[in-house]
Amino acid sequence: MKVSDYVIDYLKQQGVSHVFEFIGGAIVHLLDSISVREDIECVSVRHEQAGAFAAEAYARMNGKLGVAMATSGPGALNLLTGIGSCYFDSVPCLFITGQVNTYEYKFDTPVRQIGFQETDIVSVAKPLTKYAVMVTEPDQIRYELEKAVALAQSGRPGPVLLDLPMNLQRADVEPDGLPSFNDSEEYRLLMQDAGDISDAVAADVLTRLRAAKRPLILAGGGVRAGNSAAALTRFTDLTGIPVVTSLMGVDALPHDHPQYSGLIGSYGNRYSNLILANCDLLLILGSRLDSRQTGTRPDTFGRGADKIHVDIDPNELNCKVGVSLAIHSRLDIFLERMNTSLTGYIKPDITAWLAYITRLKAQYPTYSFTPQADEIEPNRFMSLLSSRAEQFHAICLDVGQHQMWASQSFRLSANQRLLNSGGMGAMGFALPAAIGACLASGEETLVIAGDGGFQLNIQELDTVVRLNLPIKIVVMNNSSLGMVRQFQDLYLAGRQQSTVNPNPSFLDIVSAYRIPAYHMITMADTHPLDQFLSTEGPAFLEVKLDKDTNVHPKLVVNRPIEDMYPYLDREELRQIMCIGLLDEEDIPT
């Protein structure tokens, strides 16, 4: 059997039905092996970075494995941003790169290059992968495939890379005689469950829950990465504890759930940050507590709370924020164990806490500015869009101001996913991610992008049209790279170097791809939005904003999480707080 055929057979056995790729000479054998099959499809994108993002979204939607392929040299290097995105956001993807023939590869020879487009992608990708290796012997293909996929999906998930020389791809092997990683001792150790919850730990957690007057759950990206959303909903129902989320955890709980209490962090909802600041018990589930969540003063984060942190990665425990109880465990194991322990559980009376949360939500709605008439205020638009967007199974956000407006104000129903680029924060993510999400789910998919990020992978409009995918694209156009421009206005005296540039006509560009295009300039006229949503197949909507539109509220450097800009009156904040305010002299300038 040809090695390239064996590789594709193996991918199909893993439940992979789509492989994202941009062809090049070093992967023609692999793609040819797909071309003769009907059970797995090549999705030819227009840039390798887009293929990597599409594979990431595909994996996030199906909860299993995404696959992207690229040729040697520039093709392989173009995958790196997507590989890094998978690594930081814990997404299991297999990246396969073609490589020059082994007899053309330099190995330890002290020259820069021998073969055309030869590049040592393994060394480059290793810091961004759980495993990266060049397979040089045909009889090692089964072992390395099984090892790579096992590592991608076990523990804290992440990307892996296999570099396959062309002469290896076209070699013949006897499948039944190939050594197996899944039969090895290394595999047995890898598959051992991480951190089974003891009776003592479960009892300790329950004791702390019962004692709390103001308990809170912080749900991070690990909830989805660990396939634990249903278990979290069950736990929340059993305990009645309210839930806030990180950016990557925004879709961990349906937003119409009575316990859902918004987004925390640097660009979170003000009421959510106030809720977290005032809790007396904080149960942190699958969050790495980065500075976008805690602000630049992690010592002040949840400072009045007894903190319990549960994470699959022991390196994240007590790393950035000290906690009272650190639990190294898979979230599904922890939550299922806790749900079992909650049989017959009598919920403590936290009526006053829930009333306090309800009051904060009503008192501090999230707006970027107070609209005076029918001008488009982004948070109000996101709320309107979400109220009419039940048809979408996935909402894919690009990176920038629109990402924060949507994460703050787009209300997700129980059947909807929201895909953000978190740790990498890569502009150009949303459109290719929507391609992967749409193919994984078979459902209509929504893109929300800014005018800057949309142009980074705008070539994928061709992929959308060629495959006739039901992807709807909203571009929030303020003719600037608004997130950085807002930073410049705040910290650099308004010097807007490189952030404000004229845009081309998006309506003309999109129409050139024969995608129906609409334009919305006022909240009073929602007819363009209605037309956009009712269009069959792909469609485009440009939403025009003022250049100086900002994301508010925003956490400023050195301020505790409850003290967001625009600042509340000190006396008003003091009255809201259940714990004391930090003295101004304790806040570095």
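This is a short chat about a predicted model.

Reader: Which residues have the most contacts inside the largest nonpolar core?
Author: Phe-20, Phe-95, Phe-454, Ile-471 and Ile-473. That core has 56 residues. A nonpolar core is a set of buried Ala, Val, Leu, Ile, Met, Phe, Trp, Tyr and Cys residues joined through side-chain atoms within 4.5 Å. Buried means under 20% relative accessible area (1.4 Å probe, protein chains only).

Reader: What is Phe-95 in contact with, leaving aside neighbours within four places in sequence?
Author: Its partners include Ala-52, Leu-79, Ile-83, Cys-86 and Leu-161. Contact means heavy atoms within 4.5 Å.

Reader: New topic. At what angle do H13 and H16 pack?
Author: About 150°, with axes 9 Å apart. H13 covers residues 270-278 and H16 covers 351-363. Helices are DSSP runs (H or I, at least four residues), numbered from the N terminus. Axes are lines fitted to C-alpha atoms over the stretch in contact, and angles run from 0 to 180 degrees between N-to-C directions. So H13 is roughly antiparallel to H16, a term for angles over 145 degrees.

Reader: Which residues of H13 make the contact?
Author: Tyr-271, Leu-274, Ile-275 and Asn-278. On H16, Trp-353 and Lys-361 are among those taking part.

Reader: And H22, which residues are buried there?
Author: Gly-482, Met-483, Arg-485, Gln-486 and Gln-488, in a helix spanning 482-491. They pack against helix H18 (401-409). Just after H22, Ala-493 has a positive phi of about 55°.

Reader: What are the ground rules?
Author: Residues are numbered from 1 along each chain as its sequence is written, and side-chain values use heavy atoms, without hydrogens and water. Local features need pLDDT of at least 70, side-chain atom pairs count only at pLDDT 80 or more, and totals for chains, interfaces and linings use all residues.

Note on methods. Buried < 20%, exposed > 50% of the residue type's maximum accessible area, 1.4 Å probe, protein only. Helix = DSSP H or I, 4+ residues; strand = E, 2+ residues; numbered from the N terminus. Parallel < 35°, antiparallel > 145°, perpendicular 65-115°, else oblique.
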